[in-house]
Amino acid sequence: MCGIVGYVGQKQALEVVVAGLRRLEYRGYDSAGVAVISEGVLEVRKRAGKLANLEELLGADPLPQSTTGIGHTRWATHGGPTDHNAHPHVSEDTRIAVIHNGIIENFAELRDELRAAGVQLTSETDTEVAAHMLAREVPIVDGDLPEAMRRVCRRLEGAFTLVALDREQPDLVVAARRNSPLVVGVGEGENFLASDVAAFVEHTRHALELGQDQVVVLTPDDITVTDFAGEPVEVRPFTVDWDASAAEKGGYDLFMLKEIAEQPKAVADALRGRISKDHRIQLDETDLDESVLRSITKVVVIACGTAAHAGMVAKYAIEHWTRLPVEVELASEFRYRDPIVGPDSLVIAISQSGETMDTLMALRHAKEQGARTLAICNTVGSTIPRESDAVLYTYAGPEIAVASTKAFLTQIIAAYLVGLYLAQVRGLMFEDEIRAVLDELDEMPSKVDLVLDTTEHVRELARELADSTSVLFLGRHVGFPVALEGALKLKELAYMHAEGFPAGELKHGPIALIEEGVPVIVIVPSPRGRAVLHDKIVSNIQEVRARGALVIAIAEEGDEAIAPFADHIVRVPAVPTLMQPLVSTVPLQVFACEMATAKGHDVDQPRNLAKSVTVE
Ligand code: M6R
């Protein structure tokens with residue numbers, strides 16, 4: 001949440017910063033603001049609403065030229081999305097400008113202290129206290145902004161990335177991080193920092209991962225990193241393995257459409273290099289210790305939103321292949337309920353961004369209990385993989401649209417690989433059984449491609465149903481988390497009531513929601529898999545149809561038995577049961593995207609949301 005960009009170098013800072021903010025706007029779009037230093041003056045422009053509003057302001061009231069600047073795009077926590085609460089915040093003496101991502105939990109106490117000292121606070125944000133505190137510390141430490149930052153950080157509680165400019169030191173940007181993302185881009189005669197490499201990847205692919213509680217000091221030619229006590233620390237360099245074009249729309253109207261279309265490639269990339277020529281799973285890159293995998297007695301998945309749905313899908317597969325119990329827990333609940341985890345548990349944290357605070361906190365709790373931890377993550381160098389014992393990257397490429405699409409499919413692939421690897425290491429499946437599943441996985445990129453070729457019908461349906469007030473989704477077995485995912489997509493994009501249910505549960509209450517004409521989307525299990533599941537879902541369809549529901553069946557090619565029971569059928573390729581989520585989710589993504597478009601919503605940046613949720 002909140003996007004942060006900083007630049008110091010030879011270029012016009014404003015251009016670099018605004019371009020960076022454009023790439024980070026997915027992180028929050030309640031307001032945007034920039035600050036530059038010019039001729040000993042801090043110049044700030046900020047505006048509520050999307051970045052376009054700020055750009056309009058910059059057109060009407062341009063900033064002077066400067067080679068040092070910072071920028072911020074906000075997802076509001078403390079204080080509404082107003083011009084006043086927009087970042088940067090400036091100290092009373094106009095010497096220091098600060099931008100911030102996270103929550104300063106002891107801000108009320110610090111604010112009272114500042115007020116008692118006669119400081120006038122002008123916004124409702126927690127951030128503003130940091131600007132005033134820095135301004136008070138800087139003279140005490142003879143203008144040493146990095147030291148002032150360290151002294152302030154030692155007093156802050158909560159999660160924060162803070163970035164500061166000092167009008168007296170025009171070639172300097174100082175930043176600090178605790179529990180909030182921050183990466184450094186290393187250039188030649190210029191340096192960058194940002195919440196996400198996307199902000200600077202068009203300038204450099206050389207980056208540095210920062211650790212917890214560190215302060216980084218950027219000048220055009222130098223980068224130094226210390227801890228909050230001022231001790232130098234080692235930072236890990238890495239190279240961004242995608243280029244700027246991967247974070248562009250590439251001819252699509254929406255990032256979401258592009259990311260849906262990228263799914264065959266994303267699935268292929270998630271599998272690449274992980275299956276040996278002799279059909280064994282090789283996950284050497286993960287540092288998963290085989291003796292640990294042999295000793296664990298259960299698996300616990302912690303994740304949020306779409307990632308949790310991927311975990312729920314994986315539960316069916318991992319339990320089936322390994323006979324190990326798999327619990328899937330919403331990360332936001334995990335550490336608050338005294339969960340039973342310990343050295344015999346493998347805790348898998350699934351996260352696209354690798355920065356989700358709920359998941360990070362759950363991961364830390366699991367580690368404290370002695371659990372072995374594995375991250376399934378898309379963002380290289382992010383906090384969750386860094387803090388896990390092992391990591392399996394999904395390699396889906398940057399996902400910019402707030403609604404997760406390719407991340408979901410690749411999270412399932414990665415979790416399946418972990419499940420098969422567990423079975424392989426523990427000797428629980430015959431080699432030919434593993435090989436059969438690997439062959440099925442191998443076919444998935446082309447199967448997903450086939451789904452993408454046939455989405456026109458689902459688009460038409462979305463447009464026809466755009467005025468519905470509610471849509472229900474039903475599934476059984478792996479179709480249940482798919483139903484949840486379809487409902488989540490519709491809620492977040494079309495802003496409508498949508499619920500996913502296990503089809504068998506409907507009669508225990510939710511069936512009361514059915515009235516004449518309510519669209520019910522049913523993920524129909526394959527009749528070739530466990531036929532009983534197909535038969536049962538047909539009964540469930542009958543139950544809702546008898547009460548007036550409009551039934552849309554997501555059914556495999558060749559399932560003619562479903563035809564008499566559905567008002568509409570959306571066909572997906574016939575695949576084995578455990579592979580079905582990889583094909584049946586895609587029409588639901590398309591449905592939500594099209595319906596939101598028909599309603600005139602901003603699909604890539606739905607209201608109230610942010611891509612990376614870095615607050616609890
Ligand atoms: O980055 P993460 O995978 O940890 O994010 C978890 C959820 O916030 C995320 O999946 C969210 O539910 C998506 N916007 C859903 O489309």
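Q: How many salt bridges does the rule count here?
A: The count comes to 38 salt bridges, a salt bridge being a side-chain nitrogen of Lys or Arg within 4 Å of a carboxyl oxygen of Asp or Glu. This is a predicted model, in which local features need pLDDT of at least 70, side-chain atom pairs count only at pLDDT 80 or more, and totals for chains, interfaces and linings use all residues. Residues are numbered from 1 along each chain as its sequence is written, and side-chain values use heavy atoms, with hydrogens and water left out.

Q: What is the separation of the closest N and O atoms in the salt bridge of R167 with E168?
A: In that pair the closest N and O atoms are 3.1 Å apart. R167 is partly exposed at 21%, and E168 is partly exposed at 46%.

Q: Which residue pairs with E387, and where do the two lie?
A: E387 forms a salt bridge with R364, with 2.7 Å between the closest N and O atoms. The pair links distant parts of the chain, with E387 in helix α12 and R364 in helix α11, 23 residues apart. Both E387 and R364 are buried.

Q: Which residues are linked in a network of salt bridges?
A: The network of salt bridges links E456, R459, R463 and E594.

Q: How do I judge a helix such as α11 by its span?
A: The expected span is 1.5 Å times one less than the number of residues. Helix α11 (residues 357-368) has twelve residues and reaches 16 Å from its first C-alpha to its last, close to the 16 Å expected. Just after α11, G370 takes a positive phi of about 90°.

Q: How many residues of α11 are buried, and what covers them?
A: The helix is mostly covered, with ten of its twelve residues buried; among them are M357, L360 and R364. The cover includes β7 (158-166), β15 (298-303), α10 (331-334), β17 (345-351), β18 (372-377) and α12 (383-387).

Q: How is the size of a domain interface given, and what is the area between domain 2 and domain 3?
A: The size of an interface is often given as the accessible area lost when the parts come together. Here buried area is the accessible area (1.4 Å probe) that two parts lose on being put together, summed over both. Domain bounds come from an automatic or database domain assignment, which gives domain 1 (3-247), domain 2 (255-442) and domain 3 (456-598). Between domain 2 and domain 3 about 1900 Å² is buried, of which carbon and sulfur atoms give 77%. M256, H309 and Y316 supply 27% of the area that domain 2 buries against domain 3, more than any other three residues.

Q: How many residues meet there, and how many salt bridges cross the interface?
A: 25 residues of domain 2 are in contact (heavy atoms within 4.5 Å) with 21 residues of domain 3.

Q: Where does L324 sit, and what does L324 touch?
A: L324 is in the loop between α9 and β16 (326-330), and L324 counts as buried at 5% relative accessibility. Not counting residues up to four places away in sequence, L324 touches I296, T297, K298, V299, E319, L422 and R426. The C-alpha atoms of L324 and T297 are separated by 6.4 Å, although the two residues are 27 apart along the chain.

Notes
Helices (H or I, at least four residues) and strands (E, at least two) are DSSP runs, numbered from the N terminus. Buried means under 20% relative accessible area, exposed over 50%, partly exposed in between (1.4 Å probe, protein chains only).
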